[in-house]
Amino acid sequence: MTQTMQRKLNDSVVARWGALILIALMMFFAYMFVDVISPISSLLETQRGWSPDVYGTVVGSEYFLNVFVLFLIFAGIILDKMGVRFTGLLSAGLMIIGAGIKLYGISDYFVGGGFGWEFFNSFWPSMPGSAKVACIGFAIFGCGAEMAGVTVSRAIARWFDGKEMALAMGVEMAIARLGVTAVFFLSPRLAAIAPESVVRPVAVVGALLCIGFLTFLVFTFMDRKLDRQMGNIEEIEEDKFKVKDLGNLFGSKTFMIVAFLCVLYYSAIFPFQKFAVPMLQNTLAISSQEASDLFAWFPIGAMILTPLLGAFLDFRGKGATMLILGAILMCACHLTFALVPLTKPIAYIAIILLGVSFSLVPAALWPSVPKLVDGRYLGSGYSVIFWIQNLGLWAFPLIIGKTLQATNPGVSEQIQAGVEGVTYNYTVPMLVFASLGVLAFFLGIWLKRLDTKNHYGLELPNVKK
Ligand SMILES: NCCCC[C@H](NC(=O)[C@@H](N)CC(=O)O)C(=O)O
């Protein structure tokens with residue numbers, strides 16, 4: 001009784017928002033690293049011989065261990081068993097190790113015949129050794145990054161329970177989007193410093209991951225204090241998690257609809273993010289820096305709107321409706337890139353509208369999960385959704401890379417041979433992205449119907465008056 005009367009650390013606005021900023025900073029640097037090579041894929045093609053197919057394999061490798069070694073499922077179990085502090089630090093450590101290996105793979109030392117070069121070039125000849133090592137590093141980084149994403153969601157759900165949870169998740173995602181904007185601005189500029197190099201941006205952003213580790217470390221002290229004030233209630237609850245709870249998640253129709261909506265939607269966003277700069281560069285005949293600056297408006301739009309829509313969800317609700325609107329908008333934007341003769345103004349409008357879509361869906365999707373999943377295995381709930389999502393995030397860069405290469409025969413060979421003025425046509429890959437939006441739209445409708453029938457509260461506000 002005395003415990004419930006006591007004012008806890010998360011009752012203080014400053015403390016809970018301070019905690020949020022600390023954990024969001026880790027995600028800020030993580031998201032920078034996720035996209036550090038996205039704006040320099042053309043340079044990777046000329047400097048390291050990475051065709052679209054190779055590039056797609058490397059960017060998809062981030063999710064390989066999560067999906068095929070079930071790392072994300074283990075991550076959820078570790079989180080529910082060990083708590084946010086241990087899991088957060090583990091994930092930050094994995095990100096740093098993975099980034100170091102990726103950096104080594106693309107380094108001039110390795111490419112110049114350094115340790116392991118011969119071995120990594122002795123098999124699978126269509127994949128350069130640099131790309132193979134980069135894949136290993138990125139896969140380890142991806143374990144850390146995705147585990148961190150789940151941990152952060154779990155931590156916010158706990159610190160903001162019954163408070164402005166959707167706003168907090170929106171702010172966390174906005175800070176992550178700021179990281180994406182920053183890297184789209186920074187990466188091509190760092191690479192362009194003479195002598196032009198793909199290594200520099202990866203080295204700089206990799207080093208920044210260490211700051212993320214430190215900010216999360218500071219958060220762990222606050223979280224420990226909150227735990228003590230709560231009389232370790234959370235830890236006792238987390239201990240109740242059983243592996244068979246995973247069966248409950250996979251057996252829940254509504255939960256699975258949310259998970260499939262998530263994979264369809266995000267597969268048309270994050271993989272698109274990896275191909276957007278070369279797509280704009282080729283279609284508009286502009287430099288990679290110009291294309292990168294144009295695309296930076298995408299995360300900027302999402303960054304501004306996600307917290308606002310999060311606050312809307314907290315106070316007004318309408319989560320399922322937001323998911324449907326987001327899917328429609330995403331589909332319309334990708335269809336524009338595929339079918340409309342692109343000019344710069346049209347590209348700007350489509351990019352900004354895609355940013356609006358990318359605010360509607362994340363702002364509604366992640367705060368809806370605690371409405372569908374029991375708190376004691378919420379960590380596993382998030383990790384199962386991430387696992388299903390990662391399957392798409394792994395597969396679609398590969399599919400898009402292969403589709404691009406197959407629909408543009410001979411183009412990569414000409415570019416690598418130094419032929420000027422050769423460009424890729426992105427119509428078919430963009431139609432693939434648009435088709436994901438159509439499917440996500442139908443799942444959104446289905447989810448809304450189920451919510452009306454079963455009263456999950458997806459259309460209701462979060463803040464309890
Ligand atoms: N902590 C916020 C929930 C996740 C936000 C979401 N990120 C993801 O879904 C990641 N699995 C994707 C990735 O890291 O590539 C987002 O909207 O950024």
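1. D227 and R85 are both buried (under 20% relative accessible area with a 1.4 Å probe and protein chains only; exposed is over 50%, partly exposed in between). Their side chains meet in a salt bridge, 3.2 Å from N to O (a side-chain nitrogen of Lys or Arg within 4 Å of a carboxyl oxygen of Asp or Glu). This pair links distant parts of the chain: D227 sits in helix α11 (residues 199-229) and R85 in helix α6 (residues 71-106), 142 residues apart. R85 and D227 also belong to a salt-bridge network with R158 and D223.

2. A word on the source. This is a predicted model, in which local features need pLDDT of at least 70 and side-chain atom pairs count only at pLDDT 80 or more, while totals for chains, interfaces and linings use all residues. Residues are numbered from 1 along each chain as its sequence is written, and side-chain values use heavy atoms, with hydrogens and water left out. Helices are DSSP runs (H or I, at least four residues), numbered from the N terminus.

3. The structure holds 11 salt bridges. One of them joins R16 and E164, with the closest N and O atoms 2.8 Å apart. R16 lies in helix α2 and E164 in the loop between α9 and α10, so the pair links parts of the chain 148 residues apart. R16 and E164 are buried.

4. D35 and K274 form another salt bridge, and here the closest N and O atoms are 3.3 Å apart.

5. A cavity is a set of points on a 1 Å grid over the protein atoms alone where a 1.4 Å probe fits but cannot get out; a pocket is an open set with protein on both sides within 12 Å along at least five of seven lines; lining residues have an atom within 4 Å of a point. The largest cavity holds about 330 Å³ of space. Of its 21 lining residues, Y31, E146, G149, F270 and F386 are closest to the centre.

6. Helix α9 gives the largest share of that cavity lining, five residues. At least two residues each come from α2 (13-34), α9 (129-159), α10 (165-192) and α20 (378-407). By class, the cavity lining has 14 nonpolar, three polar and four charged residues.

7. The largest pocket has a volume of about 500 Å³. It is lined by 25 residues, and S42, Q281, N282, I415 and V422 are the closest to its centre. Helices α3 (41-48), α4 (52-60) and α15 (270-284) each give two or more residues to this lining. The pocket lining comprises 13 nonpolar, 10 polar and two charged residues.

8. On the surface, F64, F68, V69 and L391 form a nonpolar patch, with about 350 Å² of accessible area together (residues with over 30% relative accessible area and no salt bridge, nonpolar side chains joined within 5 Å). F68 is in helix α5 (residues 64-68). F68 is partly exposed, at a relative accessible area of 43%.

9. Is A168 buried or exposed? A168 is buried, because its relative accessible area is 0%. The residue is in helix α10. Its C-alpha atom is 25 Å from that of L94, 74 residues apart along the chain.

Terms used: Points joined across faces, edges and corners; volume = space filled by probe spheres on them. Nonpolar A, V, L, I, M, F, W, Y, C, P; charged D, E, K, R; others polar. Patch = residues over 30% accessible without salt bridge, like charges linked within 9 Å, V, L, I, M, F, W, Y side chains within 5 Å. Areas by Shrake-Rupley, 256 points an atom, 1.4 Å probe, with all protein chains shown as cover.
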